[in-house]
Each structure stands twice: as structure tokens, then as C-alpha cells.
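Work through the exercises below with the structure open beside you. Try each task before reading its solution.

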Amino acid sequence: MSRTVLVFTEQKDGRLRHVTYESLTAACRVAEGGEVVAVLFGSRQSEQVEEVGKYGASRVYVVSHDDLHQYTPDAYKQAMLQIIGEVDPDAIIMGHTAIGKDVAPRVAARLGLGLITDCTDVCTDSGEVIGVRPIYAGKAFQKKKFIGKKSFVTIRANNIELQENAQTPAVIPFDVTIKDVRSVVRKVIRRSASGVDLSEANVIVSGGRGVKSAEGFRPLQELADVLGGAVGASRGACDAGYCDYALQIGQTGKVVTPELYIACGISGAIQHLAGMSRSKIVVAINKDPEAPIFQVADYGIVGDLFQVVPKLTEAFKRALEEK
Amino acid sequence: MKIWVCIKQTFDTEEKIVIENGKVDEKDAEFIINPYDEYAIEEALQLRDELGGEVTVITVGPDRAENALRTALAMGADKAALIQDPSLVGDECVLARMLAEAIRREGFDLILGGNFAVDSGSGQVAIRLAEELDIPHIGSVTGLNVNGRQAIAKRDAEGDTEAVESTLPVLITAQQGLNEPRYPSLPGIMRAKRKPLERLSAQDLGLSDSLKTKTLIIEEYLPPEKEAGKILEGDLDQQVQELVEALCGKGLSFN
């Protein structure tokens with residue numbers, strides 16, 4: 001069964017986000033020979049049109065409106081409903097991002113649609129769209145399907161392997177009407193100092209109680225900087241006040257799947273493992289050779305993180321300079 | 001001020017998951033209030049103490065969910081409602097409609113819930129509820145002030161913080177960092193036993209045929225177990241060197 005699949009793209013700092021390419025890749029699969037239609041919010045967009053075409057979009061709606069520069073649920077919901085009304089898609093896909101997870105349930109509720117959120121894979125089987133998603137923060141998984149013809153999924157970043165499918169998209173400027181926006185964003189404070197977001201970071205250097213203080217995170221940040229990564233933390237470190245809760249990884253906190261996860265002074269409580277054990281490669285550094293974190297680590301170093309981490313930073317610096 | 005808190009009873013986060021016949025097995029599991037919902041309860045109690053009014057906690061669930069409601073009452077909530085009906089087995093769409101009906105009948109100024117539940121992790125019910133009630137919502141909130149007819153919230157947007165203003169009524173989903181939830185006190189636990197807890201069925205809410213689930217779970221399963229890796233040996237410099245070479249050899253993309 002071929003489908004028309006609508007993808008809501010997302011940009012950050014003028015560039016399409018990685019999860020948008022993953023959404024397009026998933027859309028090509030779900031389309032089963034049908035059409036992939038992309039939506040771009042914003043103005044300056046010739047590059048982005050080319051990019052979404054490279055990953056399979058054959059039609060691109062370009063939507064420009066003052067109320068869409070900054071996300072609010074009311075404005076985005078109205079714009080999305082108008083585009084969905086125009087395209088009448090069989091399936092809708094977007095990233096499970098700060099925006100996607102916030103607006104998709106509203107749009108689904110308004111349209112009376114089922115929604116499968118936070119999918120790590122999307123496929124089709126015997127004419128049905130199936131979402132695969134972690135539950136209990138990844139301790140288990142579930143497969144879900146839709147009742148009714150239309151499907152709507154949000155996708156977790158860093159899980160779907162990109163596949164190009166070059167198209168030359170038709171560009172369609174599209175006007176939307178937005179009124180009665182009830183919540184307004186007065187100010188945005190950018191907090192992620194290095195600019196690398198935890199949920200999309202390729203490399204995460206994470207600290208637990210073993211880091212001992214806020215100051216103790218400094219060597220971890222230095223290692224993360226050398227690797228172009230982000231710093232995370234366990235609940236233990238957050239509860240102890242060593243760092244902000246925004247950095248917490250685990251069943252409460254963020255679930256991450258970077259290419260490389262370096263756990264420093266983290267013992268590996270079940271609730272933390274749930275948040276990181278699906279990282280591609282896990283390195284554990286801990287004084288206690290019996291720490292459960294070593295059970296999920298690909299490489300372990302038994303030792304004091306304050307000795308190991310700076311040496312690791314130096315060794316990576318040398319290795320990366322040689323490249 | 002009529003404040004509602006939507007909660008869910010979930011597995012304790014330290015529980016291991018056991019699968020039986022393609023479904024997560026609940027037998028022998030310890031249950032808690034979803035940790036994100038505890039922030040919502042705490043915030044509701046603080047706002048009530050500041051502004052006056054009452055806090056009602058509500059959930060949809062089986063008999064055991066009464067324990068979660070009693071815990072919330074012991075923390076200081078005034079009333080509780082348990083929606084329970086064997087005919088109502090549904091997804092987020094169904095849950096949101098039931099909650100909407102129960103809350104609409106009683107009236108509301110402010111609704112709080114957790115950012116998501118640590119079991120299903122879908123993060124839909126509260127936001128769908130806002131749409132069902134046609135009120136605005138602010139998701140993933142780490143700071144909240146309510147004055148008169150306006151809410152001012154700090155919203156966590158992937159590390160950035162947005163300062164958001166909204167008219168009331170509004171629905172708020174609580175993110176970690178919003179507050180430090182209190183523990184129920186002993187007198188609180190005693191008082192909770194006598195606080196009103198209403199049980200509602202689909203019929204009570206005037207709902208039945210109109211409620212159709214839109215998604216179905218095909219199966220639940222455990223991910224492949226990860227094999228424990230290699231503990232590096234030798235002196236520290238050797239270990240570090242071996243690790244860096246191994247990682248660089250994996251073709252990882254740094255920066």
C-alpha cells in the first residue's frame with residue numbers, strides 16, 4: 001500500500017536537525033512507493049529544500065509566519081493543522097524533540113488520531129505502520145500499530161540509519177493563518193554552554209557521585225570539549241547538587257544513545273543504566289571493580305577518575321591531532 | 001483556585017522488567033507515584049497554600065492505584081478521584097477523554113501533571129487533555145508562578161530555558177528541578193485515610209461508545225542483553241593508550 005507521508009522538519013541555528021533526516025528516511029520506508037512531503041518553517045531556505053530532496057521529499061511546503069519564529073504550541077498547532085488539511089497525508093512523522101513531543105499530542109487530539117511517540121524505529125508489516133519504542137526508559141521495548149487508516153509518529157534522535165533517496169522537490173509557498181496564541185515566550189536563555197545538546201550528542205562524558213563536587217566536573221568537561229561532546233550526570237550527582245538536573249541521564253532524566261558514552265565515577269544503578277545502556281560504545285571508569293556499570297561497558301578502566309580522565313583527554317588530543 | 005493533578009502509578013524505577021507472554025509482568029512489582037507526577041503534586045500544594053483553593057488528585061487505573069492517590073492525599077492533597085472501568089482499556093486518546101470529562105464536570109483553574117510517565121514514556125495524556133479542554137499548556141516546566149489570571153513558567157527546551165506566559169486556565173507538565181517533593185508525614189497519612197476518594201466509571205462520566213482506542217500494543221519484549229566488555233589491564237598509561245587506539249579504530253566521529 002503506497003502512502004503519502006508528511007514530515008515536519010525542524011531546524012536549529014539555521015540548519016536542519018539530524019532527526020529531520022531520520023524522519024525523512026523513515027518516511028520513505030513508510031511511503032512504500034508513495035510520496036514524501038516535507039514542511040519547512042522559516043524563510044531563507046534554498047539549501048534546506050535541496051537537503052530534504054536528497055532524503056526523499058518530492059514536494060516541499062515552505063511556511064513563513066512571524067508567529068513561527070519562536071515555538072508556541074498554539075501557533076504550531078494551527079499551522080500544522082492547516083498543512084495537514086491541505087496535504088491530507090496517510091502518515092505524519094516528526095522528531096521527538098522539545099517541539100515535537102510538545103505539539104504532536106495536541107494535533108493528534110484535535111484530529112482524533114492515534115499517536116505513537118518516541119519511536120526508535122518505524123516500519124511496515126502487512127499493510128500496517130508499526131512503531132517500535134522503548135518503555136521503562138529502554139529496559140523493555142514495545143511494538144505498536146494503529147487502528148484506522150492514518151498514522152502519526154514521533155522519532156527519537158540518533159536511532160535510524162540515514163538513507164539518501166535523491167529527488168528534485170517542487171517548492172510550494174504556503175500561507176497559514178494564526179490567531180489567539182494564548183501562551184507567549186518572553187525570553188530564551190541558552191544554557192548548554194558548549195552548544196552540544198545531550199539528546200543529540202555523539203559523545204557524552206558523564207559523571208556520578210565519584211566526581212565528588214561541582215568542581216570535579218571540570219576534567220569531564222575538558223574531555224567532552226576535546227571530543228566535541230556533551231557532559232551528563234547520574235541522579236546521584238544531581239541529587240548531591242554537583243550539577244544541574246538538566247544534565248541527568250536515566251529513567252528519570254534523559255535517555256541518550258550517543259556513539260560513545262564515557263561513565264566516570266558512576267556505579268550503574270538500574271535507573272541510570274536504563275538511560276544510557278543503548279549507547280553504541282560504553283566506557284566505564286570506576287574505582288570499584290565490582291560496580292554494575294562494568295556489566296554494560298565495552299571497555300572498563302578500574303581506577304580513580306581524577307587520574308584517568310586527564311590522561312584520556314591528553315591521549316585523545318594527541319590522537320586527534322595526528323589525524 | 002481549583003487545582004487538579006493528574007497522576008499515574010508506575011513501577012518503582014529500581015524494578016527489573018520481566019516479560020510474560022509478550023507483556024510486561026506486573027506480578028511482585030513495587031509501585032510508586034510516577035516521579036514526575038510527584039513534582040506536579042508538590043507544586044499544586046505550594047500554590048494552594050499561597051493562593052487558597054483546593055487540590056484534587058485524579059488517576060485512571062486498577063484498584064492498586066488507590067495507594068498512589070492515598071499517598072498524594074497524605075502529602076496534603078484535599079480530594080481524590082479514581083476512574084476505573086474494566087470496559088475502558090485504551091490508549092492515551094481514551095485516557096485523555098476520560099480525564100477531560102471528569103475534570104470538566106467539576107471546573108478547573110489550573111491542571112498539573114508529570115512531563116511523562118517513567119513506564120510507558122509516551123508523554124501524551126496531559127497535553128491531549130489540554131486540547132480536549134481547549135486550554136493552553138506549558139510543557140516541561142522547571143519553575144512556576146501564578147498570579148491572578150496568569151501563569152509565568154520556565155520551560156526546559158532541551159537545555160535552553162524559555163520564559164513563557166500564559167492565561168489561566170492552563171495545564172502545566174512538571175519537569176525535574178521544579179521543586180523538591182515532600183514526604184508524607186505520619187499525621188498526613190492518618191488524615192489521608194478519611195479524605196474523600198471518589199470512584200468513577202465510564203457510565204458515571206457519560207462515556208462509553210464514543211471511546212475508541214486508536215493504537216494497539218502488538219508485543220512487548222526485552223532488548224538483547226549486552227555482553228560485558230573488557231576490563232583493561234597493565235599500567236594506567238598503557239590502558240589509556242589501548243583505549244584511545246581502540247576507540248579511534250572504531251571510526252567514531254568526534255566533533
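The model is predicted.

**Exercise 1. Find which residue follows helix H2 of chain B, and which residues of the helix are buried.**

Solution. 
- Step 1: go to the end of the helix. H2(B) is followed by Gly76(B).
- Step 2: read the backbone there. The phi of Gly76(B) is positive, near 140 degrees.
- Step 3: go back into the helix, which spans residues 65-75 of chain B. Its buried residues are Ala65(B), Ala68(B), Leu69(B), Ala72(B), Leu73(B), Ala74(B) and Met75(B).
- Step 4: recall helix geometry. An α-helix has 3.6 residues a turn, so residues three or four places apart point the same way.

**Exercise 2. Explain why helix H4 of chain B is largely enclosed by the rest of the structure.**

Solution. 
- Step 1: locate the helix at residues 125-132 of chain B.
- Step 2: list the buried residues. They are Ala126(B), Ile127(B), Arg128(B), Leu129(B), Ala130(B) and Glu131(B).
- Step 3: conclude. Six of the eight residues of H4(B) are buried, so the helix is largely enclosed by the rest of the structure.
- Step 4: look just past the helix. Asp134(B) has a positive phi of about 55 degrees.

**Exercise 3. Describe chain B as a whole, then its surroundings at Leu144(B).**

Solution. 
- Step 1: take the secondary structure. Chain B has six helices and 15 strands.
- Step 2: take the extent. Its C-alpha atoms fill a box of roughly 70 × 45 × 40 Å along the principal axes.
- Step 3: take burial. Of the 255 residues in chain B, 53% are buried.
- Step 4: take the contacts with a separation of 6 or more. In chain B, 71% of them join residues 24 or more positions apart.
- Step 5: turn to the largest nonpolar core, which has 41 residues. Those with the most contacts inside it are Val5(B), Ile41(B), Val57(B), Leu110(B), Leu112(B), Leu144(B) and Ile172(B).
- Step 6: zoom in on Leu144(B). Neighbours within four places in sequence aside, it touches Glu43(B), Leu47(B), Leu112(B), Ala151(B), Ile152(B), Ala153(B), Ile172(B) and Leu178(B).
- Step 7: look apart from that core. Another core has 36 residues, including Ala237(A), Val283(A), Tyr299(A) and Leu312(A).

**Exercise 4. Is Phe31(B) buried, partly exposed or exposed, and what does it contact?**

Solution. 
- Step 1: Phe31(B) lies in strand S5 (residues 31-33) of chain B.
- Step 2: apply the cut-off. Buried means under 20% relative accessible area, and exposed means over 50%. At 23%, Phe31(B) therefore counts as partly exposed.
- Step 3: list its contacts, leaving out neighbours within four places in sequence. They are Gln9(B), Thr10(B), Phe11(B), Asp12(B), Glu26(B) and Arg64(B).

**Exercise 5. Characterise the interface of chain B and chain A.**

Solution. 
- Step 1: count the residues. Chain B gives 80 and chain A gives 94.
- Step 2: take the area. About 7600 Å² is buried between the chains, and carbon and sulfur atoms give 54% of it.
- Step 3: count the polar links. There are 43 residue pairs in polar contact between chain B and chain A. The interface also has 12 salt bridges.
- Step 4: find the main contributor. On the side of chain B that touches chain A, helix H6 (residues 236-248) gives the most, with 10 residues.
- Step 5: sort that side by class. It has 33 nonpolar, 21 polar and 26 charged residues.

Notes:
Residues numbered from 1 in each chain as written. Chains lettered and ligands numbered in written order. Predicted model: local features only at pLDDT ≥ 70, side-chain atom pairs only at ≥ 80, totals over all residues. Heavy atoms only, no water. Core = buried A, V, L, I, M, F, W, Y, C linked by side-chain atoms within 4.5 Å. Buried < 20%, exposed > 50% of the residue type's maximum accessible area, 1.4 Å probe, protein only. Contact = heavy atoms within 4.5 Å. Buried area = accessible area lost by both parts, 1.4 Å probe. Salt bridge = Lys/Arg side-chain N within 4 Å of Asp/Glu carboxyl O. Polar contact = N/O pair within 3.5 Å; in protein donor to acceptor, adjacent residues only side chain to side chain. Helix = DSSP H or I, 4+ residues; strand = E, 2+ residues; numbered from the N terminus. Nonpolar A, V, L, I, M, F, W, Y, C, P; charged D, E, K, R; others polar.
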